[in-house]
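Have the structure open while you read.

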Number of protein chains: 2
Amino acid sequence: MSYAFPDSSFVSQELENHIRRVHSIAKNAITEGKYIVFGTGSTQLLSAAVFALSMNLSSPAKIVAQAPYYPTYRAQTDFFQTAWFGFQGDASVLKNTSGDGAELIEFVTSPNNPDAQLRNGVLQGPHVKAIYDHAYYWPHYTAIPAPADEDLMIFTISKLTGHAGSRFGWALVKDKQVYENMIQYIQIAELGTSKDTQLRALQLLKAIHGQKIFHFAYKTMIDKWEKLSEIVSRSNRFTIQEIPPLFCNFFEEVRGPSPAYAWLKCEREEDSNCSAVLRAAKIIGREGSLFESDDRYVRLSLLRSQDDFDLLLRRLNDLISKEKGAQTI
Amino acid sequence: MSYAFPDSSFVSQELENHIRRVHSIAKNAITEGKYIVFGTGSTQLLSAAVFALSMNLSSPAKIVAQAPYYPTYRAQTDFFQTAWFGFQGDASVLKNTSGDGAELIEFVTSPNNPDAQLRNGVLQGPHVKAIYDHAYYWPHYTAIPAPADEDLMIFTISKLTGHAGSRFGWALVKDKQVYENMIQYIQIAELGTSKDTQLRALQLLKAIHGQKIFHFAYKTMIDKWEKLSEIVSRSNRFTIQEIPPLFCNFFEEVRGPSPAYAWLKCEREEDSNCSAVLRAAKIIGREGSLFESDDRYVRLSLLRSQDDFDLLLRRLNDLISKEKGAQTI
């Protein structure tokens, strides 16, 4: 089996066609007029995108993301210690500066990981470029106000069908030069994307015949969120983020939240280390500081198996039931 | 399917066991006392290894390789424009310098791509580290004088079974810290290696029951080499590299060459662009300058399909038959 397909391409044209088809079913992104880059998970594409946007600039690009943000943006950007770019931290700090002429690259995660808010870029202007991480921009996690149509958008099969271990993601890219730079990154870093992985992704996408999978997945996610919300609502000690109901382009109606993560806050003054409070009750989450936020917050996953999630609910319920003043079931 | 296996590892223990088993059949590497890192092809592991050896040094490491060398070493090392290391070119230039205290990292490709010579590192000393690229160190491409036992060795399924498109390679690593650094690179660059690719690699390695595949592949390769050698030997215009017969640890006897590539030289003064000379006869090879060598050389692949290779032989034979003074068949 060669590096390339018989048509000399490193990517399966059939898989590319199915990606476009699935976006048109989900009504979550406009693929017309965009190139598609395959990657070993969206993780690789994040890096490919940063390099693609910053290569050959006269001064290093400044990379930002609005806190709370997915920690990989910083970890990956710092790791390479490259002359092309450097991580600057929270996007807000650069919001009202006119800049020193350096290009600014903002990671915009929408819906956001960890707090599931739909987002637009914080920064504006001629020197600003955005990488839209749309890993969770699917009807099972969020209302889709409109199909996304940004210049550089990244998706992953991990959060579409749950096959994180397959390591397959794709980018939709408007600009030809950026597309070519990303391809160059993928070629130099690892000479293309595994054909076996492409085949697996193709099988998965082929299994998506219509809207049914999104209805099923939405039902699964909203059930989890409603159960979790109900338990937390009885607490004075903990709160979770509010996500407003929104009109959804996919469901063609206003719908409630069904996020991948709860962004839980410990409200008591003394609970400044919220993850320790939860850990004492055998509840495991990710500390807020990992997301450049406060350790008063913890990210709880709603993507675990139903068994794991039921255990989380039971333990959280037990913990909240012990609160003075908490409403009992 | 999660990022990790049920034992929380990102790598299949069964696949790791089969890698060790296949090396013991091929008698080409000592795996005892070494950690194994999986990568998306050996290409990713080359980069992981350079980062792993140079991270956190007080000054940038200098990367070298002895010309002629595989162009990816330079392309990849230059691409990242990192503070950790920089490519210096041919290893020979640093051979007799005492150095400025900077760490030196030498890529040692053995057998070498393009010229199939068995190699040891050019540089010696306390500041020198080597990355052994053993992609071609299998009994079908070379005599195995002894099982390789270097501190950092990289292999790939591409050159073992021919499944380049699967993008699966592995490194054998002696030092725990270097191993952990490489794992960190893989995690940061793409959150682990595709499980589908690991499964494919497992299926391929499981199919290797004994020595038979190596006997078959050796026969295939030596047949190609002997036919090519026979044709070139009738030419005064072209020569190919000499590879001395050597005792082979696998075959337990002295054996002749069966390399993956011929390193063909245009001997005529006026043929300074050898690849153009060949291209005019519809023979495609890679120019010597790609390998930081002279364009008087061209790398011809013996890894193509039998049909493609037969076409190469026929065209080369036609070209040589036109030489004045060439021996006719």
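## Salt bridges between the domains

A salt bridge here means a side-chain nitrogen of Lys or Arg within 4 Å of a carboxyl oxygen of Asp or Glu. Keep in mind that this is a predicted model. Chain A splits into domain 1 (13–206) and domain 2 (212–321), and there are 2 salt bridges between them.

Take a look at A:R74 too: it pairs with A:E292 in a salt bridge, with the closest N and O atoms 2.8 Å apart. Domain 1 and domain 2 of chain A also share 12 residue pairs in polar contact. On the domain 1 side of chain A, the elements giving two or more residues to the touching face are α1 (13–26), β3 (85–90) and α4 (157–160). The largest share, 3 residues, comes from α1(A).

## How much the domains touch

The centres of the two domains of chain A, taken over C-alpha atoms, sit 25 Å apart. Across the boundary, 31 residues of domain 1 are in contact with 27 residues of domain 2.

Together the two domains of chain A bury about 2300 Å², and carbon and sulfur atoms give 63% of that. Which domain 1 residues lose the most area to domain 2? They are A:P114, A:H140 and A:Y141, which together make up 24% of what that side buries.

## The nonpolar core

The largest nonpolar core has 70 residues. Those with the most contacts inside it include A:I131, A:L152 and A:M182 from chain A, and B:I131, B:L152, B:M182 and B:Y185 from chain B.

Zoom in on B:M182: leaving aside neighbours within four places in sequence, its contacts include B:V37, B:L45, B:L152 and B:V173.

Conventions:
Residues numbered from 1 in each chain as written. Chains lettered and ligands numbered in written order. Predicted model: local features only at pLDDT ≥ 70, side-chain atom pairs only at ≥ 80, totals over all residues. Heavy atoms only, no water. Core = buried A, V, L, I, M, F, W, Y, C linked by side-chain atoms within 4.5 Å. Buried < 20%, exposed > 50% of the residue type's maximum accessible area, 1.4 Å probe, protein only. Contact = heavy atoms within 4.5 Å. Domains from an automatic or database assignment. Buried area = accessible area lost by both parts, 1.4 Å probe. Polar contact = N/O pair within 3.5 Å; in protein donor to acceptor, adjacent residues only side chain to side chain. Helix = DSSP H or I, 4+ residues; strand = E, 2+ residues; numbered from the N terminus.
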